[in-house]
Structures are given as C-alpha cells and as structure tokens.
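Subject: Structure handover

Hello,

Here is the structure I said I would pass on, with my notes below it. Please read them next to the coordinates.

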Amino acid sequence: MDIKECYEMLGITKKATDEQVKKAYREKSKQFHPDLHRYDKDATAKFAKVSEAYRLISENREKKHKSIFNFCTIFSDAVSKTNTEKKKETTKSEKPEPEQKGIRGSDVYTTVEITFEESILGCRKEITVQHEEICPCSKEENHTDNCTICNNTGKVLKKFIYDISIPRGIFSGQVLKIKGKGNVGINGGKNGDLVINIQVKQKKGFVRTGQDVVYYMTISFPQAVLGAVINVPTAYGTVNCEIPAGIKPGEQLCLAGYSFKNC
Ligand SMILES: [Zn+2]
C-alpha cells in the first residue's frame with residue numbers, strides 16, 4: 001500500500017489535517033471493527049488495512065513519534081518520611097546530652113538492599129551484623145587475668161541478628177540508625193550505633209520523582225487513537241488503567257487511590 005492508497009483507504013486526501021486523519025481513522029475502524037462483523041472476513045481484512053493505512057500515514061507525517069505513544073502513571077505518595085526524620089533529629093538536638101563517662105563505642109555500618117516495591121510499601125528485614133560486645137571475663141564473677149576469649153581486651157566480636165523495620169517511602173541512600181547496637185563502649189562509655197544504609201534496587205520502566213512513582217509505558221497506535229484498558233503493574237498489584245481515545249504522546253494519566261496513604 002503506497003501513501004496515496006493509504007489516504008484513499010481512509011477516504012481522505014493528503015491535504016487533510018492531522019485531526020481529520022484521526023477522525024477518518026476512528027470512523028473507518030468503527031465501520032469495520034471485528035466485534036461488529038464477527039463472521040465477515042472481508043470486514044476484518046478491511047479493518048486491518050485501515051489500521052495499516054493510518055499507521056503509515058502517521059509515520060509519514062510524524063517521523064519522530066511514529067506509532068509510539070508514551071504515557072505515564074503517577075502514584076502520589078503521601079509519605080512524610082523525611083519530615084519524621086527531621087522531627088527526630090530536632091528532638092535529639094534539643095535535649096542536652098548527659099555527661100559522658102568512658103569512651104563511646106564506634107558505630108557499625110552495614111548496607112541493606114531492598115526492592116523498588118519494598119521502598120514504596122515499607123518492609124521488615126532480618127539483618128546479620130557483627131559488632132563488639134563485652135567479654136564475659138569483664139564480669140567480676142568470671143574475672144581472670146588471662147582470658148583466652150578476648151586476649152584481655154575485655155571485648156569480643158559477636159554475630160547479631162536484628163529484625164529491622166524499613167519505613168515506606170524510603171529513598172535509596174537514606175540511612176537508618178539503631179541506637180546502641182554498635183560496638184560496645186569502654187569504661188562505662190555508651191555503645192556506638194548501628195548505621196544501616198538502604199539501597200533501593202532499580203526497576204525497569206519505573207522512576208521515582210519526589211513522592212511520585214512515574215511509570216513509562218508504550219502503547220500501540222490503535223490503542224492510542226481508539227482508547228484501551230491497559231494493565232499497569234503497581235506495588236499494590238496489577239491495576240486496570242483506562243486510556244481515553246485520542247491520547248497524545250507524552251500525556252500523563254494519574255491513577256488515584258494507589259498512594260501510600262491508602263495501603
Ligand atoms: Zn575476656
């Protein structure tokens with residue numbers, strides 16, 4: 001089918017505007033739609049030809065965009081994680097620190113990787129870390145001058161398992177602190193903290209922008225023109241998204257009710 005035949009198929013001329021092309025396509029495809037002519041092979045063939053003609057005309061007109069339409073879905077996010085964090089920090093700095101005795105134990109650092117969905121919904125993770133603890137020989141009843149466990153340092157390295165709660169909406173690179181779960185202090189000094197660096201794995205097709213999740217999706221040209229119902233994967237499961245007829249490239253659709261507040 002050459003471009004002239006394509007226009008003929010839609011019953012229009014090359015002079016038709018983009019809007020007129022779309023309108024002609026909508027009318028012709030309705031006329032030959034397979035749902036209306038279930039047993040008419042001729043109509044089905046014509047429907048396919050109309051789609052093909054429209055595709056070729058559109059490609060011809062808009063070489064840049066071709067038949068690719070993008071739309072994105074925004075799941076608004078009501079997480080105020082950062083605010084909670086800020087509040088915590090302020091309360092902490094307002095309180096005067098009690099006078100320190102001994103030497104504070106050092107902090108212990110670890111990294112936890114979570115999925116994109118887990119960052120949206122929040123999750124619990126069991127983590128295994130090693131940090132220093134007081135050796136049993138430090139207790140008076142166990143005291144010995146020659147401890148083989150700690151070589152008389154008074155400290156031993158031990159493995160600990162912690163069940164941590166990762167709040168929803170956490171950003172990659174954000175840090176969680178568990179007070180007092182770091183290395184043990186010396187001479188009555190405070191324990192250090194356990195510092196957990198959260199890394200969020202990337203998910204293909206999804207981008208986080210602030211508190212929104214943007215999902216980029218490519219739909220077919222007929223779907224864009226006629227409208228369609230498309231399955232959209234979300235952290236809450238697959239959701240049906242209605243695409244209105246005549247959607248334009250780059251247009252955004254917002255799926256309400258999938259914010260962090262509603263789960
Ligand atoms: Zn010891």
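Against which elements do the buried residues of helix 1 pack? They pack against helix 2 and helix 3. Bear in mind throughout that this is a predicted model.

Overview

The protein has 263 residues, of which 19% count as buried. Its secondary structure comes to six helices and eleven strands. Among contacts with a separation of 6 or more, 64% are between residues 24 or more positions apart.

Helix 1

Cys 6, Tyr 7, Met 9 and Leu 10 are the buried residues of helix 1. They lie on the same side of the helix, because the arc they cover around the axis is only 155°. Lys 4 and Glu 5, on the other side of helix 1, are exposed. After helix 1 comes Gly 11, with a positive phi near 75°.

Helix 2

Helix 2 runs over residues 18-31, which makes 14 residues. From first C-alpha to last it reaches 20 Å, close to the 20 Å expected at 1.5 Å a residue. Its buried residues are Val 21, Ala 24, Tyr 25, Lys 28 and Ser 29. Viewed down the axis of helix 2, these fall within an arc of 120°, so they line one face.

The nonpolar cores

The largest nonpolar core has 14 residues. Those that touch the most other members are Cys 6, Leu 10, Tyr 25, Val 50, Ala 53, Tyr 54 and Ile 57. Helix 1, helix 2, helix 3 and helix 6 are the elements that give two or more residues to this core. Helix 3 provides the largest share, five residues.

Which residues does Leu 10 contact, leaving aside its neighbours within four places in sequence? They are Val 21, Ala 24, Tyr 25, Lys 28, Val 50, Ala 53 and Tyr 54. Of these, Val 21, Ala 24, Tyr 25 and Lys 28 are among the buried residues of helix 2.

There is also a second, separate core, of seven residues. Its members include Val 108, Ile 166, Ile 170 and Ile 198.

Three strands form an open sheet with mixed pairing, in the order 2-6-5. Strand 2 (108-114) and strand 5 (175-178) are the edge strands, each pairing on one side only. From one strand to the next the twist averages 25°. Strand 2 pairs with strand 6 (residues 194-200) in the parallel sense, over seven bridges. Within that pairing, Tyr 109 stands opposite Val 195 in strand 6.

The hairpin

Strand 7 (residues 206-209) and strand 8 (residues 212-219) run antiparallel and are joined by four bridges. Thr 209 has Asp 212 in strand 8 as its bridge partner. The two strands form a hairpin with two residues between them. In the turn, Gly 210 has a positive phi of about 60°.

Two asparagines are worth a look on your screen.

Asn 152 has a positive phi, near 65°. Where is Asn 152 placed? Its place is in the loop between strand 3 (123-134) and strand 4 (155-166). Why does Asn 152 count as exposed? It has 12 C-beta neighbours inside 10 Å, and the cut-off for exposed is 12 or fewer.

For Asn 187, phi is near 55°, again a positive value in a residue other than glycine. Asn 187 lies in the loop between strand 5 and strand 6. With 8 C-beta neighbours inside 10 Å, Asn 187 counts as exposed.

Regards

Conventions: Residues are numbered from 1 along each chain as its sequence is written. This is a predicted model: local features need pLDDT of at least 70, side-chain atom pairs count only at pLDDT 80 or more; totals for chains, interfaces and linings use all residues. Two strands pair if DSSP finds at least two bridges between them. Axes are lines fitted to C-alpha atoms, for helices over the stretch in contact, and angles run from 0 to 180 degrees between N-to-C directions. The expected span of a helix is 1.5 Å times one less than its number of residues. A residue is buried if 20 or more other C-beta atoms lie within 10 Å of its own, exposed if 12 or fewer, and partly exposed in between; C-beta atoms are placed from the backbone. The arc is that of the directions from the helix axis to the C-beta atoms. A nonpolar core is a set of buried Ala, Val, Leu, Ile, Met, Phe, Trp, Tyr and Cys residues joined through C-beta atoms within 7 Å. Two residues are in contact if their C-beta atoms, placed from the backbone, lie within 7 Å.
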